[in-house]
Amino acid sequence: MSKKTNTLLFMLGATAFNVLITIITFVVLLVVYGRVVVPLIPNPDPENPNPVIGWGLPLIFIGSIVLSFFLYRFILKKVTKRIDVDKHFDPLFTRRRQRKN
């Protein structure tokens with residue numbers, strides 16, 4: 001395979017891996033929130049759900065994106081240390097040559 005093909009396949013795989021990490025972190029944070037944080041929030045009216053609990057989902061969503069970003073960067077740094085990037089991959093975008101006037 002050519003370097004461009006390797007680069008495109010790596011980018012597709014890395015994107016799928018990033019999405020998978022985001023989904024996994026979202027589910028893990030959701031389970032932790034449901035089992036640890038929700039029981040700690042007092043509910044004055046047992047017949048109606050506590051409105052404070054609703055703020056957890058947006059925070060979990062944002063937290064999963066941030067956490068997956070840091071995990072992805074950490075794992076990508078480890079992978080690039082093991083693989084010679086210049087040998088296997090080619091840049092997708094190159095600088096345009098400057099015209100001589």
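**Aromatic pairs up close**

By the ring rule (Phe, Tyr and Trp rings, using the six-membered ring of Trp, pair if their centres lie within 6.5 Å), the count here is two aromatic pairs. Take Phe 26 and Phe 61: their ring centres are 6.4 Å apart and their planes sit at 80 degrees, so this pair is edge-to-face (planes under 30 degrees apart count as stacked, over 60 as edge-to-face, the rest as tilted). This pair ties together distant parts of the chain, with Phe 26 in helix H1 (residues 3–37) and Phe 61 in helix H2 (residues 56–82), 35 residues apart. Helices here are DSSP runs (H or I, at least four residues), numbered from the N terminus.

Phe 26 is partly exposed at 24% relative accessibility, and Phe 61 is partly exposed at 47%. The cut-offs: buried is under 20% relative accessible area, exposed is over 50%, and partly exposed is in between (1.4 Å probe, protein chains only).

Then there's Phe 69 with Phe 70, also edge-to-face, at 5.6 Å centre to centre and 70 degrees between the planes. Phe 69 is partly exposed at 44%, and Phe 70 is partly exposed at 49%.

Now look at Ser 68, in helix H2: at 2% relative accessibility, Ser 68 is buried. Beyond its neighbours within four places in sequence, Ser 68 touches Asn 18, Ile 21, Thr 22 and Thr 25 (contact means heavy atoms within 4.5 Å).

A word on the ground rules: this is a predicted model, where local features need pLDDT of at least 70 and side-chain atom pairs count only at pLDDT 80 or more, while totals for chains, interfaces and linings use all residues. Residues are numbered from 1 along each chain as its sequence is written, and side-chain values use heavy atoms, leaving out hydrogens and water.

Key: Helix = DSSP H or I, 4+ residues; strand = E, 2+ residues; numbered from the N terminus.
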